[in-house]
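Dear colleague,

Please find below the sequence and the structure for your review. My notes on what was found follow directly after.

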2 protein chains.
Amino acid sequence: MATGRTHRPATRSRGIPEATVARLPLYLRALTALSERSVPTVSSEELAAAAGVNSAKLRKDFSYLGSYGTRGVGYDVEYLVYQISRELGLTQDWPVVIVGIGNLGAALANYGGFASRGFRVAALIDADPAMAGKPVAGIPVQHTDDLEKIIEDNGVSIGVIATPAGAAQQVCDRLVAAGVTSILNFAPTVLSVPEGVDVRKVDLSIELQILAFHEQRKAGEEALPDGLPAAAAATESADQGPDGDVPAVMPA
Amino acid sequence: MATGRTHRPATRSRGIPEATVARLPLYLRALTALSERSVPTVSSEELAAAAGVNSAKLRKDFSYLGSYGTRGVGYDVEYLVYQISRELGLTQDWPVVIVGIGNLGAALANYGGFASRGFRVAALIDADPAMAGKPVAGIPVQHTDDLEKIIEDNGVSIGVIATPAGAAQQVCDRLVAAGVTSILNFAPTVLSVPEGVDVRKVDLSIELQILAFHEQRKAGEEALPDGLPAAAAATESADQGPDGDVPAVMPA
DNA sequence: CCGTCTTTGTGCACGCGTTCACAAAGACAT
DNA sequence: ATGTCTTTGTGAACGCGTGCACAAAGACGG
């Protein structure tokens with residue numbers, strides 16, 4: 001169900017806040033860069049700057065993992081890289097399938113950031129028979145008919161959906177039925193999945209719309225001296241609505 | 001110093017919560033679908049289901065925009081589409097440039113979700129001279145040398161960065177210097193921008209890492225003697241990432 | 001015009017996430 | 001050893017977002 005809001009039983013020792021989990025990859029990237037430069041240790045202040053976050057937040061995040069720092073010195077880079085990698089489950093191999101090999105699917109197949117972090121593209125799947133056998137990023141595209149077999153043969157538990165919106169739910173259902181329990185969805189649709197299946201979505205147009213909102217606000221504030229209370233009349237109907245409150249002045 | 005003071009006293013009268021703004025595009029999509037089916041009105045319950053959120057949350061979100069519903073009936077679909085579009089700033093044209101026309105950049109150029117929402121790809125820019133003039137998605141690629149001129153000539157305020165990580169900051173600086181005030185960053189790097197510039201980032205590998213974390217936890221709980229038979233030992237379900245909102249503006 | 005029924009709009013409480021501020025811990029010099 | 005100095009780890013306060021539950025608003029039928 002789409003409304004699958006759930007409570008976190010707060011697994012005692014293992015309860016790492018979701019917000020922290022989302023930042024761990026960020027820290028890992030910064031640490032990897034330091035590691036490549038052979039930097040032995042790093043302070044929370046320095047690492048926080050590199051990751052673009054507040055240092056107190058970083059320390060609290062790390063505190064959920066354990067006490068891996070040394071007071072007066074900082075954190076051992078190599079050790080921390082290992083600990084975070086382990087926590088994120090990147091020390092093991094994650095076979096991944098990408099369904100929908102259009103422009104985006106092909107881009108994902110070619111994306112280098114996957115392989116370097118334990119993610120292995122096990123298969124590329126597309127519904128177009130003409131694509132079958134054609135290699136993309138060195139991997140031959142397979143037909144959707146074999147989806148279930150591919151999932152099972154490779155022990156895939158993570159699937160990436162890059163199909164058109166119309167096909168997404170159907171593909172999702174088949175992936176889940178075949179054993180996939182984590183899905184990264186690029187299709188602009190709300191996916192319905194049974195409990196126990198994680199879905200994360202990336203919607204390019206949504207990100208742009210959020211930027212547009214802020215952009216519009218910036219333009220409005222700039223053009224206007226200062227927002228006056230603006231009685232929310234809002235009685236205007238569509239069609240040439242003469243701005244209820246926020247004068248959508250838009251310079252071309 | 002380290003404290004990223006990005007919060008200006010603004011957000012006074014017209015303060016729509018960031019979390020709400022992030023959901024508006026979601027509602028808009030669901031409403032557009034209803035509009036195409038010529039559905040005249042919709043209740044908060046129905047719309048919430050279509051958008052994959054809680055109905056109370058949806059009503060509260062709309063309440064920030066104004067009282068656009070009719071008790072006992074619901075919301076007028078067309079009217080709401082207009083109101084949300086206006087609020088998001090989608091009633092105007094937003095010229096966008098995409099920098100870095102590799103696999104991902106090309107995919108973005110071809111992405112249909114942009115044009116349908118007021119975003120117009122004004123130009124494609126790449127550093128490779130061999131790409132210059134070559135049409136991608138019907139638009140000729142231009143060379144990075146002309147970046148500033150392109151931005152100014154087209155009045156571009158939103159830029160999309162799809163370059164390799166190494167080039168991202170430099171491209172970002174040039175975009176900002178040329179007048180861009182909103183950036184959608186696909187490069188796996190933390191961008192430094194001056195105050196007043198919004199950055200949203202989309203990192204494919206980070207999303208996968210977050211999934212891997214939950215996947216590992218699922219496997220672990222399953223393998224271990226389940227300490228708590230708690231009915232809802234429940235892992236998250238349908239957890240659509242509200243992902244970070246505003247980007248870290250780090251001080252130089 | 002009045003009663004009933006549906007659905008909105010929101011006051012309120014709760015929990016998560018962020019930030020501050022500081023005591024504790026350890027390195028390092030003397 | 002002892003003192004000083006740096007940096008971690010965290011208790012506590014605060015603010016935001018979420019969800020419940022209900023009163024107010026309006027449609028609709030009689």
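I begin with one residue of chain A. Ile101(A) is buried because 25 other C-beta atoms lie within 10 Å; a residue is called buried at 20 or more other C-beta atoms within 10 Å of its own, exposed at 12 or fewer, and partly exposed in between, with C-beta atoms placed from the backbone. Please note that this is a predicted model, in which local features need pLDDT of at least 70 and side-chain atom pairs count only at pLDDT 80 or more, while totals for chains, interfaces and linings use all residues. Residues are numbered from 1 along each chain as its sequence is written, and chains are lettered from A and ligands numbered from 1 in the order in which they are written.

Ile101(A) sits in the loop between β4 (94–99) and α5 (103–110) of chain A; helices (H or I, at least four residues) and strands (E, at least two) are DSSP runs, numbered from the N terminus. Leaving aside residues up to four places away in sequence, Ile101(A) touches Ala106(A), Ala109(A), Leu124(A), Asp126(A), Met131(A), Val136(A) and Val141(A), where contact requires C-beta atoms, placed from the backbone, within 7 Å. Gly102(A) belongs to the loop between β4 and α5 of chain A as well, but Gly102(A) is partly exposed, because it has 17 C-beta neighbours inside 10 Å.

For "domain: CoA-binding", UniProt (unreviewed entry) gives residues 89–190 of chain A. Over residues 89–190 the chain is 33% helix and 28% strand, with the end C-alpha atoms 27 Å apart. The feature "DNA-binding region" (unreviewed entry) is placed by UniProt at residues 26–65 of chain A. That span, residues 26–65, is 75% helix and 5% strand, and its end C-alpha atoms lie 15 Å apart.

For chain A as a whole, there are 9 helices and 10 strands. Of its 252 residues, 40% are buried. Among contacts in chain A with a separation of 6 or more, 55% join residues 24 or more positions apart.

The largest share, 5 residues, is that of α3(A). The surface near DNA strand D holds 10 nonpolar, 10 polar and 9 charged residues; Ala, Val, Leu, Ile, Met, Phe, Trp, Tyr, Cys and Pro count as nonpolar, Asp, Glu, Lys and Arg as charged, and the others, Gly among them, as polar.

Around DNA strand C there are 30 residues, and Pro17(A), Arg71(A), Gly72(A), Gly69(B) and Gly72(B) come nearest. Here the elements giving two or more residues are α1 (18–36) and α3 of chain A, with α2 (44–51), α3 and β3 (74–76) of chain B. The largest share, 5 residues, comes from α3(B).

In chain B, α2(B) and α3(B) pack at about 105° with axes 8 Å apart; axes are lines fitted to C-alpha atoms, for helices over the stretch in contact, and angles run from 0 to 180 degrees between N-to-C directions. These two helices are therefore roughly perpendicular, a word used for angles of 65 to 115 degrees, with under 35 roughly parallel, over 145 roughly antiparallel and the rest oblique. In this packing, Ser44(B), Glu45(B), Leu47(B), Ala48(B) and Ala51(B) of α2(B) meet Ser55(B), Leu58(B) and Arg59(B) of α3(B).

Finally, a point on the backbone. Most residues other than glycine have a negative phi. Ser38(B), in the loop between α1 and β1 (41–42) of chain B, has a positive phi of about 60° although it is not a glycine. Ser38(B) is exposed, with 8 other C-beta atoms within 10 Å.

With kind regards

Methods
Two residues are in contact if their C-beta atoms, placed from the backbone, lie within 7 Å. A residue is near a molecule or strand if its C-beta atom, placed from the backbone, lies within 6 Å of it. UniProt positions are given in the numbering used here, feature names are shortened, and annotations may be inferred rather than shown by experiment.
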